[in-house]
Structure formats: C-alpha cells, structure tokens
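This briefing goes through the helices, side-chain pairs and surface of one model. Please keep the sequence and the structure open while reading.

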Amino acid sequence: MDDKQLMEGVLLLEKGVCDLYMHGTIESSTNQVHQTFSHALDESLRMQSTLYDKIQAKGWYPTDRAEMTKVSAVKKKYQTMG
C-alpha cells in the first residue's frame, strides 16, 4: 500500500465518521447529546478538509470543473422531478 492509497483510505474513513456524527446530531434526544455530536462533527469536518487539502496538493485527488451545460442539464432534471 503506497502513501496515496493510505491517504485515500483515511479520507474515506473520515467521511464515514462525519456521516455517523451527522446522524447522531440529527437523532439526538437531548440538547447536551446534540451539542456533543455537533462538536464532534465540526472537528471531523475540519479533519476531512485538512486531509482533502493535503491529498489534492499532492495531485492525488484531481477535480474537473463541470461544464455549465452539464450543470444546467442536472438542474433541469431535478427541477422537473419536484
């Protein structure tokens, strides 16, 4: 396993943790539990962002800019569904 695969794995795990904390925040039964999950979610989102920035800086997570025609097509698709 090389550094790229390791970092991609860590990023994937962190995204999963964010998902769990988000659901914990949404489903909280008390304000104290909600605040605890919310704080943990904020911390995890910061870690995820830091990981993403490091991976992108290495050129391991390239992103392409979406063409406006494709964006418009998707927007139109979902507007007609609602």
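The buried residues of H2 are Ala40, Leu41, Ser44, Gln48, Leu51 and Ile55, where buried means under 20% relative accessible area, exposed means over 50%, and partly exposed lies in between (1.4 Å probe, protein chains only). H1 is among what covers these residues of H2. The model is predicted, so local features need pLDDT of at least 70 and side-chain atom pairs count only at pLDDT 80 or more, while totals for chains, interfaces and linings use all residues. Residues are numbered from 1 along each chain as its sequence is written, and side-chain values use heavy atoms, with hydrogens and water left out.

**Helices**

- Helices are DSSP runs of H or I with at least four residues, and strands are runs of E with at least two, numbered from the N terminus.
- Helix H2 covers residues 31–57, and its 27 residues should span 39 Å at 1.5 Å a residue, which agrees with the 39 Å between its end C-alpha atoms.
- The expected span is 1.5 Å times one less than the number of residues in the helix.
- After H2 comes glycine 59, which has a positive phi, near 80 degrees.
- Helix H3 (residues 68–81) has 14 residues, and the distance from its first C-alpha to its last is 20 Å, close to the 20 Å expected.
- Of the 14 residues of H3, 0 are buried, so this helix lies largely in the open.

**Cysteine 18**

- Cysteine 18 is in helix H1 and is buried, because its relative accessible area is 8%.
- Apart from its neighbours within four places in sequence, cysteine 18 is in contact (heavy atoms within 4.5 Å) with Leu41, Ser44, Leu45 and Gln48.
- Between cysteine 18 and phenylalanine 37 the C-alpha to C-alpha distance is 9.9 Å, with the two 19 residues apart in sequence.

**Salt bridge**

- The whole structure holds 1 salt bridge, defined as a side-chain nitrogen of Lys or Arg within 4 Å of a carboxyl oxygen of Asp or Glu.
- Arginine 46 and glutamate 43 form a salt bridge through their side chains, at 2.6 Å from N to O.
- Both residues are in helix H2, 3 residues apart, about one turn of the helix.
- An α-helix has 3.6 residues a turn, so residues three or four places apart point the same way.
- Arginine 46 is partly exposed at 46% relative accessibility, and glutamate 43 is partly exposed at 32%.

**Aromatic pairs**

- Rings of Phe, Tyr and Trp (its six-membered ring) pair if their centres lie within 6.5 Å; planes under 30 degrees apart count as stacked, over 60 as edge-to-face and the rest as tilted.
- The count by this rule is 2 aromatic pairs.
- The pair of tyrosine 52 and tyrosine 61 is edge-to-face, because the planes are at 75 degrees, with ring centres 5.0 Å apart.
- Tyrosine 52 is partly exposed at 22% relative accessible area, and tyrosine 61 is partly exposed at 29%.

**Surface and loop**

- Met1, Leu6 and Val10 make a nonpolar surface patch of about 330 Å².
- Patches are made of residues with over 30% relative accessible area and no salt bridge: like charges are joined within 9 Å, and nonpolar side chains (Val, Leu, Ile, Met, Phe, Trp, Tyr) within 5 Å.
- Accessible areas come from the Shrake-Rupley method with a 1.4 Å probe; for residues, only the protein chains shown count as cover.
- Leucine 6 lies in helix H1 (residues 3–26) and is partly exposed at 44% relative accessibility.
- Arginine 65 is in the loop between H2 and H3 and counts as exposed at 82% relative accessibility.
- Arginine 65 and serine 49 are 19 Å apart, C-alpha to C-alpha, and 16 residues apart in sequence.
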